[in-house]
Amino acid sequence: MKIIILGAGQVGRSVANALVSEANDITVVDQDEQLLMDLQNRLDLGTVRGHAGHPDVLRRAGAEDADMILAVTNSDETNMVACQVAYTLFHTPTKIARVRAQGYLDYPRLFEQSAVPVDVLISPEQLVTDYILKLIEYPGALQVLDFADGRVRLVAVKAYHDGPLVGNALSALYEHMPNVDARVAAIYREGEVIIPRGDTVIEVKDEVFFIAAAENIRSVMSELRKMEKPYRRLLLAGGGNIGRRLASSLEQKYRVKLIENDKVRAREIAERLELTIVLHGDAADENLLLEENIENTDVFCAVTNDDEDNILSAMLAKRLGAARVMALINRPSYVDLVQSETIDIAISPQQATIGTLLTHVRRGDVVQVHSLRRGAAEAIEAVAHGDRSSSKVVGRAIEEIKLPSGTTIGAVVRGDEVLIAHHDTMIESDDHVILFLVDKRKIRDVEKLFQVGVTFL
């Protein structure tokens with residue numbers, strides 16, 4: 001595909017890096033010449049310096065024959081204008097825009113074709129908020145990802161000493177839970193991937209990815225680790241877009257406190273939230289954390305705009321006794337560095353956002369993409385079409401399908417029915433198939449499996 005990325009910030013660079021590796025024709029537009037030079041030195045792509053909303057700049061970037069425009073500058077208004085220009089002057093088929101201001105998002109009619117023609121709206125702050133909410137809903141999970149409108153979930157957990165399944169083969173999972181169906185999609189041990197088989201033994205500290213129907217997630221988690229009690233006390237650091245949204249979503253079910261360093265903003269947040277206790281202060285202030293009983297806090301979540309502040313406050317909270325700490329980290333190089341015994345979960349906005357973008361780049365009928373393991377792995381939801389003569393998957397049992405190495409089918413959703421994949425599970429037309437790829441470079445082979453042959457009418 002020929003794709004124009006408007007904005008060379010964190011999101012733009014992450015997307016460019018992901019898409020270039022898949023042999024797409026990429027051009028990045030930004031006003032910062034140094035950022036563009038750095039990108040060109042690292043990646044095989046084109047760059048254009050200029051304002052992303054100007055018609056002449058978009059023309060120089062190749063908008064006249066572009067398949068897609070990704071408007072991810074730091075300005076909502078620039079992103080919206082760029083989509084309008086691309087639609088009006090260049091008839092660009094797909095226009096994706098990052099829009100962060102809730103004042104715009106509250107009025108979806110703004111983004112219809114007759115107004116501001118945006119095909120896909122992306123709000124990284126909302127995506128990150130939803131991501132954190134699921135982690136709080138499932139205590140102990142490292143990741144919780146939805147497929148098929150939430151009917152199927154992919155969950156990552158770390159296996160601990162007291163887990164019933166630790167030290168046992170995976171086949172024991174089905175013996176422990178004869179009435180609950182689940183599929184382990186992949187196991188990561190000390191950074192190395194293990195393709196699971198029935199005789200694969202779970203070891204302490206293994207990172208286990210499993211797929212199950214949403215209602216069975218807690219049962220499967222309890223097999224891999226001692227279930228943590230539901231969270232009650234939450235302390236959020238940072239009253240920006242994410243912090244405010246989190247507090248608003250959580251305050252009816254949990255006891256929420258929010259620390260904000262800016263006095264004026266703290267007062268504004270306190271007026272807008274109903275039950276959240278808003279504190280003016282520094283989240284890295286040891287005395288403040290002790291005064292707020294950090295040792296009795298179930299989750300400390302640092303979501304300020306400063307990576308270093310988030311890391312330091314989360315590390316301090318953990319040292320002072322918080323049961324679980326999370327930190328929002330924009331710099332990809334920091335994520336692996338800090339997600340260890342000290343910080344339980346490092347949240348990358350780019351990882352949360354990029355799957356939404358990749359969904360619209362994939363060939364075939366792909367309705368959901370989640371980028372995993374810092375972009376190395378991927379989980380996708382693809383829809384099977386055709387019949388046995390025109391499709392490589394329809395009318396076949398899973399054991400007959402020639403899947404690329406390192407690729408597993410975890411589940412099949414047929415209407416409202418969730419079928420956890422087994423070797424003899426048959427794929428029918430219109431099935432939603434959930435796949436896990438330990439090597440994202442195999443994505444083209446998977447896409448070919450789900451493309452319908454020319455004989456299908």
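How many aromatic pairs does the structure hold? The structure, a predicted model, holds 2 aromatic pairs.

A pair of aromatic rings is described by the distance of the centres and the angle of the planes. The table gives these values.

| Ring pair | Distance of centres | Angle of planes | Class |
|---|---|---|---|
| Tyr-188 and Phe-209 | 5.7 Å | 75° | edge-to-face |
| Phe-209 and Phe-436 | 5.4 Å | 50° | tilted |

Tyr-188 belongs to strand β9 and Phe-209 to strand β11 (residues 207–213), so their pair ties together parts that are 21 residues apart in sequence.

An open sheet of 5 strands runs in the order β7-β8-β11-β9-β10, with antiparallel pairing. Its edge strands are β7 (141–147) and β10 (192–194), each of which pairs on one side only. On average, neighbouring strands of this sheet are turned by 20° against each other, direction ignored. Between β9 and β10 there are 3 bridges in the antiparallel sense, and Arg-189 stands opposite Glu-192 in β10.

Two helices pack on this sheet. Helix α6 (residues 124–137) touches β7 and β8 (152–158), and its direction makes about 115° with that of β7. Helix α8 (residues 217–224) touches β7, β8, β9 and β11, and its direction makes about 155° with that of β11.

**The sheet that holds β22**

Another open sheet of 5 strands has the order β18-β19-β22-β20-β21, again with antiparallel pairing. Strands β18 (366–372) and β21 (417–420) each have a single partner strand, so one side of each is left without a neighbour in the sheet. The twist from one strand to the next averages 15°. Strand β20 (residues 407–414) pairs with strand β22 (residues 432–437) in the antiparallel sense over 6 bridges. Within β22, His-432 is the bridge partner of Val-413. Helix α14 (residues 349–359) packs on this sheet and touches β18 and β19 (377–383), with its direction at about 150° to that of β18.

Leaving aside neighbours within four places in sequence, the contacts of Glu-378 include Arg-362, His-370, Phe-436 and Lys-440.

**The nonpolar cores**

The largest nonpolar core has 72 residues, and those with the most contacts inside it are Ile-132, Leu-154, Ile-202, Phe-210, Met-326 and Phe-436. Strand β9 (residues 182–189) gives the largest share of this core, 6 residues. A second, separate core has 46 residues, among them Leu-45, Leu-357, Val-369 and Ile-409.

Which residues is Phe-436 in contact with, leaving aside its neighbours within four places in sequence? Among them are Leu-154, Ala-185, Ala-186, Tyr-188 and Phe-209. The contacts of Phe-436 also include Leu-372, Ala-377, Glu-378, Ala-379 and Thr-408.

Technical notes: Residues are numbered from 1 along each chain as its sequence is written. This is a predicted model: local features need pLDDT of at least 70, side-chain atom pairs count only at pLDDT 80 or more; totals for chains, interfaces and linings use all residues. Side-chain values use heavy atoms; hydrogens and water are left out. A nonpolar core is a set of buried Ala, Val, Leu, Ile, Met, Phe, Trp, Tyr and Cys residues joined through side-chain atoms within 4.5 Å. Buried means under 20% relative accessible area, exposed over 50%, partly exposed in between (1.4 Å probe, protein chains only). Helices (H or I, at least four residues) and strands (E, at least two) are DSSP runs, numbered from the N terminus. Contact means heavy atoms within 4.5 Å. Two strands pair if DSSP finds at least two bridges between them. Axes are lines fitted to C-alpha atoms, for helices over the stretch in contact, and angles run from 0 to 180 degrees between N-to-C directions. Rings of Phe, Tyr and Trp (its six-membered ring) pair if their centres lie within 6.5 Å; planes under 30 degrees apart count as stacked, over 60 as edge-to-face and the rest as tilted.
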